[in-house]
Amino acid sequence: MRILLVEDDQQFGHSIHRAIKSEGYASDWVQTCEDATIAINDGHFDVIILDWELPDNQGTQWLEQKRAQGMDIPTLMMTARRSSADKVIGLDKGADDYVTKPFDLDEFFARIRALLRRGTVKSSRIIKTKHMEINPDTSVVQINETDILLSKAELDLLVILANRSGEFVSKRHLENALYDWDSAVTPNAIEVQISRLRKKVGANLIKTQRNFGYKLEK
């Protein structure tokens, strides 16, 4: 699971970013609405933790704009604003939940887990291509009526390719979607995962465009 933290306070942001990673989640931390937009365009996130007051815009306004554009990533709004009226504004602008600073970390992570469950239920679906059927909930891929069990890393990679089957997906996009920015990713990490995936689903189904990326056949 990958979380995007949008918080401009250096000390607080560093503390929360570190706490998120200590809970075992991949976490990317940005400090402006502009950088948050770049992040969600470049990678996949399961939850956004969004501060209300940011240097280039209010988090509520940014979220309202993104909801209007179709972004449906579960979002937890966090702010020092405590009034019921402010909570209503945050929720009406598109937040799925709201937490006031300072907050208890146990409650904070319980709210994140609840949002992750909602996102999982919302996104649960069978992905079908001409050659395979992918069940993200069970990590099982069915090819020619044969079930193939994938690791989480292999499944995450295959789902990205399957959602864009028939077109090449850049290696950079795959890295951004699968790993957080602080991860120590080896230069050939994607190649290793592709190699393992090909052994399980068939080398003929995943094509390579040299110096660019990979494509799953439709």
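Analyst: Two strands are said to pair if DSSP finds at least two bridges between them, while helices (H or I, at least four residues) and strands (E, at least two) are themselves DSSP runs, numbered from the N terminus. This is a predicted model, in which local features need pLDDT of at least 70 and side-chain atom pairs count only at pLDDT 80 or more, whereas totals for chains, interfaces and linings use all residues. Residues are numbered from 1 along each chain as its sequence is written, and side-chain values use heavy atoms, with hydrogens and water left out.

User: Why can E12 and E14 be said to pair?

Analyst: E12 and E14 are joined over two bridges in the antiparallel sense, and because the rule asks for at least two, the strands pair. Within this pairing, Ser 170 stands opposite Gly 213 in E14.

User: What joins E13 to E14, and what do they form?

Analyst: Strand E13 (residues 206-209) is joined to strand E14 (residues 213-216) by four bridges, and the two run antiparallel. Lys 207 faces Lys 215 of E14 across this pairing. E13 and E14 form a hairpin with three residues between them, and Asn 211 in the turn has a positive phi of about 65°.

User: Why do E12 and E13 count as edges?

Analyst: The open sheet has three strands, ordered E12-E14-E13 with antiparallel pairing. Strand E12 (169-170) and E13 each have a single partner strand, so one side of each is left without a neighbour in the sheet.

User: How are E6 and E7 joined, parallel or antiparallel?

Analyst: E6 and E7 run parallel and are joined by four bridges, with Thr 79 standing opposite Thr 100 in E7. In a regular strand, side chains alternate between the two faces of the sheet. In E7 (residues 97-100), Asp 97 and Val 99 point one way and Tyr 98 and Thr 100 the other, and all are buried.

User: Why is Thr 37 called buried?

Analyst: A residue is buried under 20% relative accessible area, exposed over 50% and partly exposed in between (1.4 Å probe, protein chains only). Thr 37, at 18% relative accessibility, therefore counts as buried. Thr 37 is found in helix H2 (residues 33-42) and, leaving aside neighbours within four places in sequence, is in contact (heavy atoms within 4.5 Å) with Trp 62 and Lys 66.

User: Is Gly 70 buried or exposed, and what makes it count that way?

Analyst: Gly 70 has a relative accessible area of 52%, which means that this residue is exposed. Gly 70 sits in the loop between H3 and strand E6 (75-79).

User: What makes the pair Glu 7 and Lys 101 a salt bridge?

Analyst: A salt bridge requires a side-chain nitrogen of Lys or Arg within 4 Å of a carboxyl oxygen of Asp or Glu. The side chains of Glu 7 and Lys 101 meet at 2.9 Å, N to O, and form a salt bridge. This pair links distant parts of the chain, 94 residues apart, with Glu 7 in the loop between strand E1 (2-6) and helix H1 (10-22) and Lys 101 in the loop between E7 and helix H5 (105-123). Glu 7 counts as buried at 1% relative accessibility, and Lys 101 does so at 18%.

User: Which side chain meets Asp 51, and which network includes Asp 51?

Analyst: Lys 101 and Asp 51 meet in a salt bridge at 3.1 Å, N to O. Asp 51 belongs to strand E3 (residues 47-51), 50 residues apart from Lys 101. The side chains of Asp 96 and Arg 67 meet in another salt bridge, at 2.9 Å, N to O. Asp 96 lies in the loop between helix H4 (84-92) and E7, and Arg 67 in helix H3, so the pair ties together parts 29 residues apart in sequence. Salt bridges that share partners join Glu 7, Asp 51 and Lys 101 into one network.
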